[in-house]
Amino acid sequence: MTPAAFNALCAGLAQTTHVVQWDGADVWKVGGKMFAIGAWTWGAQAGITFKVSEMAYDILRDMPGLRPAPYLASRGLKWIQHHAEPGLDEAALKEQLRASYILVARGLTRKLKAELGLTDL
């Protein structure tokens, strides 16, 4: 997935915000909570990082091209990084990014979800 495709997908999700931080990473948030990171210039740490359910974490962490996300997973958080081929195909990666968004949005407070118009999640 190209940086442009990654950013377009994340921008198309309701009530998302984008910041560039950590040496040029594209960080996407909903309700102030991070759901996806696209790091293109981090060398060995480059990749697309997203939050997953516990079951998805158990399945994805050992797939070729995927790994527990550096820094985040080491703190016990369920985040996966797509960092190499073969990894996920583009359709599956898009699905995981949308699932990450939903997972994070569902974790927002009821009040914040109402303010953002995300009550249907």
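**Close-up views of a predicted model**

**View 1. Strands β5 and β6 pair side by side.** β5 and strand β6 (residues 79-82) run antiparallel and are joined by three bridges. Leu66 has His82 in β6 as its bridge partner. Two strands count as paired if DSSP finds at least two bridges between them. Strands (E, at least two residues) and helices (H or I, at least four) are DSSP runs, numbered from the N terminus. This is a predicted model: local features need pLDDT of at least 70, side-chain atom pairs count only at pLDDT 80 or more, and totals for chains, interfaces and linings use all residues. Residues are numbered from 1 along each chain as its sequence is written, and side-chain values use heavy atoms, without hydrogens and water.

**View 2. The open sheet.** Six strands form an open sheet in the order β1-β2-β3-β4-β6-β5, with antiparallel pairing. β1 (16-21) and β5 (66-68) stand at the edges; each has a single partner strand, so one side of each lacks a neighbour in the sheet. On average, neighbouring strands of this sheet are turned by 25° against each other, direction ignored. Axes are lines fitted to C-alpha atoms, for helices over the stretch in contact; angles run from 0 to 180 degrees between N-to-C directions.

**View 3. Two helices on the sheet.** Helix α1 (residues 3-11) packs on the sheet and touches β1, β2 (25-30), β3 (33-39) and β4 (47-51). Its direction makes about 15° with that of β2. α3 also packs on the sheet, touching β1, β2, β3, β4 and β6. The direction of α3 makes about 40° with that of β4. Contact means heavy atoms within 4.5 Å.

View 4. The side chains of Lys94 and Glu90 form a salt bridge (3.9 Å, N to O). The term requires a side-chain nitrogen of Lys or Arg within 4 Å of a carboxyl oxygen of Asp or Glu. Both residues lie in helix α3 (residues 90-106), four residues apart, about one turn of the helix. Lys94 is partly exposed because its relative accessibility is 28%. Glu90 is partly exposed too, at 38%. Buried means under 20% relative accessible area, exposed over 50%, and partly exposed in between (1.4 Å probe, protein chains only).

**View 5. The network around Arg61.** Salt bridges that share partners join Asp58, Arg61 and Asp62 into one network. Arg61 meets Asp58 at 3.6 Å, N to O. Arg61 also bridges to Asp62, with the closest N and O atoms 3.9 Å apart. At 62% relative accessibility, Asp62 is exposed. Arg61 is partly exposed at 33%, and Asp58 is partly exposed at 39%. The whole structure holds three salt bridges.
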